[in-house]
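User: I have not looked at this one before. Please take me through it piece by piece.

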Amino acid sequence: MKHTRLQARVLLLAIGVILAISLLDLASTAYVQVRDAEKRMADQARSIGSALVPSLQNDLVVGDLATAQQTLDRVQRHAAFKRLDLLDAASGRVLLAGRQAEDAAGENGVPGWFAGLIDIRPPPLSIPIQAGGVQYGVLLVEPSPVLLERDLWRHLWLAALLSLITLAVVLPLFILTLRGGLKPLRELAASARKFGAGDYTRRAPDSTVREIAQTARAFNLMADNIQTLLGQLRASNATNRRLAVIVEQSGEIILTLNNAGIITSWNDGARRTLGYTAEEAIERNIAFLLPEPSEDETGLLARPFPDARHGERPETRFRTRDGRIRDIVLGLAPLMGEDGQRIGLICIGRDFSERKRAQDEIRRINAELEQRVQERTAELEAANQELEAFSYTVSHDLRAPLRAMNGFSKLVEEDAGDALSEQSRHMLRRIHAASVKMEHLIEELLKLARLGRQELQRDDANLSRIAEEIHADLAETQPERRISWHIEPGLTARADRVLIKSALDNLLRNAWKFTSKREDAEISFTSSKQGNETVYCVRDNGAGFNPACADKLFLPFQRLHKAEQFEGTGIGLATVHRIVKRHGGRIWAEGAVDEGAAFWFTLP
């Protein structure tokens with residue numbers, strides 16, 4: 001019965017219910033009929049007895065017992081009574097007893113078990129027979145249950161027949177109805193079996209039966225939730241597998257500890273770095289990795305348990321399996337349980353021994369460099385002092401002889417002018433010119449030396465205005481020259497105004513000088529953008545220079561033209577180069593012989 005189909009169970013239950021209802025109906029009906037029959041039998045017995053009493057009274061008064069016997073027999077033959085006796089009034093002895101017919105005393109067609117089951121026992125009725133105040137006897141009337149038993153037995157058969165007919169008619173209809181009602185349940189059960197077998201897309205069909213439809217919708221909702229959870233679980237498992245591979249293959253030391261500091265997991269990066277396998281490390285306290293736990297190291301180790309903060313990166317030292325000491329930096333994060341309580345710690349460590357050695361080496365080199373810088377600074381200070389002394393010597397000790405040479409040559413020319421030959425006077429003039437040139441050269445050298453010591457005072461400098469001022473000064477010196485000037489307006493820069501004016505003065509004077517042999521001379525000062533950088537340009541169409549010698553332009557005393565062609569000391573462009581470099585900029589030149597020159601510079 002454990003695996004009996006639901007349809008069979010419902011069918012058996014329905015048959016049992018129908019039979020039980022039929023039996024209960026039969027029993028209740030029989031009980032009522034029995035009670036009614038007993039009452040009717042008693043009333044009938046009383047009525048018949050009362051009707052017999054006058055006849056029997058006359059027979060007893062005249063003493064005609066034979067006629068009384070015939071009367072009792074005639075009534076008894078109807079089989080309505082079990083006993084119909086005439087008793088003596090004084091002794092209670094049976095005087096006369098009604099006799100049944102032979103066929104009435106036989107079988108009545110009712111099984112004995114049924115008669116015993118219903119057990120109909122109508123009580124006997126005693127009717128006194130009196131006349132003239134004298135009691136002649138007692139009529140004892142006891143109704144017979146045979147007729148009632150026969151009626152009940154027929155009724156039972158009729159009820160059973162009706163029950164069978166009802167079952168024969170109702171049961172097929174019930175089976176058909178049951179099959180139609182159980183079909184959605186079978187489909188729901190089939191969907192559940194297939195879902196349980198792994199077909200997670202299976203859903204229960206809808207039903208017209210409200211209760212089954214509600215169950216199907218609840219099942220489908222549960223299936224949707226399970227499918228969603230399974231998808232999330234698969235994604236989570238895939239992510240966990242990837243993370244497990246990443247953790248295992250990572251070059252970092254990744255391990256987990258419980259709150260007592262016992263190692264619970266150990267990845268391959270820890271094995272490669274420290275030499276211990278997972279079997280050797282797991283279930284051991286992390287203290288076994290410390291070389292010689294000192295008080296400080298023990299405190300460092302105890303700090304993560306249980307008080308480590310998320311992301312804390314303490315540094316410690318671990319001993320490898322072969323006895324080497326490695327410097328480790330640890331990243332710490334709490335390991336939380338399902339109840340939200342911390343159950344341990346995640347440690348991600350990196351071996352930075354080589355980096356630490358490199359850092360120590362860098363610190364040592366930095367210390368050496370600092371020492372060298374201090375030494376070089378001292379040397380530069382000494383060199384500056386020597387340069388100051390040299391500048392003092394140049395400005396005082398060298399200038400005095402030059403002035404003497406210049407003065408005495410003039411005196412000689414004035415005092416003995418007529419006595420000197422033309423050649424002697426020419427040599428004196430050359431001595432005078434050389435001394436003047438030498439003094440001018442010394443002055444330029446002093447200016448160049450002072451550039452390295454002068455402190456920059458950066459400010460907003462209007463380069464266009466400075467160029468216009470230089471243009472005006474040059475035009476006053478040679479007003480007869482016709483030169484086409486183009487100075488771009490609005491050119492500005494953050495620069496030392498004094499130094500940048502000196503640089504522009506040298507560049508524009510060079511352009512003025514080297515265009516002196518051009519009738520259609522042109523000089524321009526413009527700017528352009530190259531990326532995020534502003535590039536300034538001083539251009540002319542003068543004598544130009546040989547591009548192969550461009551690297552000599554900014555060296556002191558390097559001249560690319562003869563003094564007979566263009567006068568100069570060879571210091572101007574060196575001064576410009578030093579000023580631009582002091583500002584952190586760059587300067588370069590482009591040009592060709594007899595095609596002019598362009599000087600480009602930047603001022604960051």
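User: Which residue is the bridge partner of Arg-539 in S16?
Analyst: The partner is Ala-598. The two residues belong to an antiparallel pair, in which 6 bridges join strand S14 (residues 533–540) to strand S16 (residues 597–602). Strands count as paired if DSSP finds at least two bridges between them, and both strands (E, at least two residues) and helices (H or I, at least four) are DSSP runs numbered from the N terminus.

User: Before we go on, what sort of model is this?
Analyst: This is a predicted model, in which local features need pLDDT of at least 70 and side-chain atom pairs count only at pLDDT 80 or more, while totals for chains, interfaces and linings use all residues. Residues are numbered from 1 along each chain as its sequence is written, and side-chain values use heavy atoms, with hydrogens and water left out.

User: Back to S14 and S16, what is the strand order in their sheet?
Analyst: The sheet is open and has 5 strands in the order S11-S13-S14-S16-S15, with mixed pairing. Strand S11 (483–487) and strand S15 (587–591) are the edge strands, each pairing on one side only. On average, neighbouring strands here are turned by 20° against each other, direction ignored. Helix H13 (residues 497–514) packs on this sheet, where it touches S11, strand S13 (521–530), S14 and S16, and its direction makes about 135° with that of S13. Such angles run from 0 to 180 degrees between N-to-C directions, with axes fitted as lines to C-alpha atoms, for helices over the stretch in contact.

User: And what about the sheet with S1, what order does that one have?
Analyst: That open sheet has 4 strands in the order S2-S1-S4-S3, and its pairing is antiparallel. Strand S2 (94–97) and strand S3 (125–131) stand at the edges with a single partner strand each, so one side of each is left without a neighbour in the sheet. The twist from one strand to the next averages 25°. Within the sheet, strand S1 (residues 81–87) and strand S4 (residues 134–143) run antiparallel and are joined by 6 bridges, and Arg-83 stands opposite Glu-142 in S4. Helix H2 (residues 65–76) lies across S1, S2 and S4, running at about 165° to S1.

User: Moving on, how many bridges do S7 and S8 share?
Analyst: Strand S7 (residues 315–319) and strand S8 (residues 325–336) pair in the antiparallel sense over 5 bridges, with Thr-316 opposite Ile-328 in S8. Their hairpin has 5 residues between the strands, and Gly-323 there takes a positive phi near 95°. S8 also pairs with strand S9 (residues 342–351), antiparallel and over 9 bridges. The hairpin of S8 and S9 has 5 residues between the strands, with Gly-340 in the turn at a positive phi of about 85°.

User: Thr-320 is in the loop between S7 and S8. Is Thr-320 buried or exposed?
Analyst: Thr-320 is buried, with a relative accessible area of 2%; buried means under 20%, exposed over 50%, and partly exposed in between, using a 1.4 Å probe and protein chains only. Leaving aside neighbours within four places in sequence, Thr-320 is in contact (heavy atoms within 4.5 Å) with Thr-273, Leu-274, Tyr-276 and Arg-326.

User: Which residue has a side chain joined to that of Thr-320 by a polar contact?
Analyst: That residue is Asp-322, and the polar contact is 2.3 Å. The term stands for a pair of N or O atoms within 3.5 Å, where within protein one must be able to donate a hydrogen and the other to accept it, and residues adjacent in sequence count only if both atoms are side-chain atoms.

User: Changing topic, how many disulfides does the structure hold?
Analyst: The structure holds 0 disulfides, a disulfide being a pair of cysteine sulfur atoms within 2.5 Å. Among the cysteines, Cys-347 is buried at a relative accessible area of 3%, and Cys-347 is also the bridge partner of Leu-332 in S9. Cys-537 is buried too, with a relative accessible area of 3%.

User: Last one, where is Tyr-31?
Analyst: Tyr-31 is in helix H1 (residues 6–62) and is exposed, with a relative accessible area of 54%. The C-alpha atoms of Tyr-31 and Leu-152 are separated by 9.9 Å, although the two residues are 121 residues apart along the chain. As for the whole protein chain, there are 14 helices and 16 strands, and 34% of its 604 residues count as buried.
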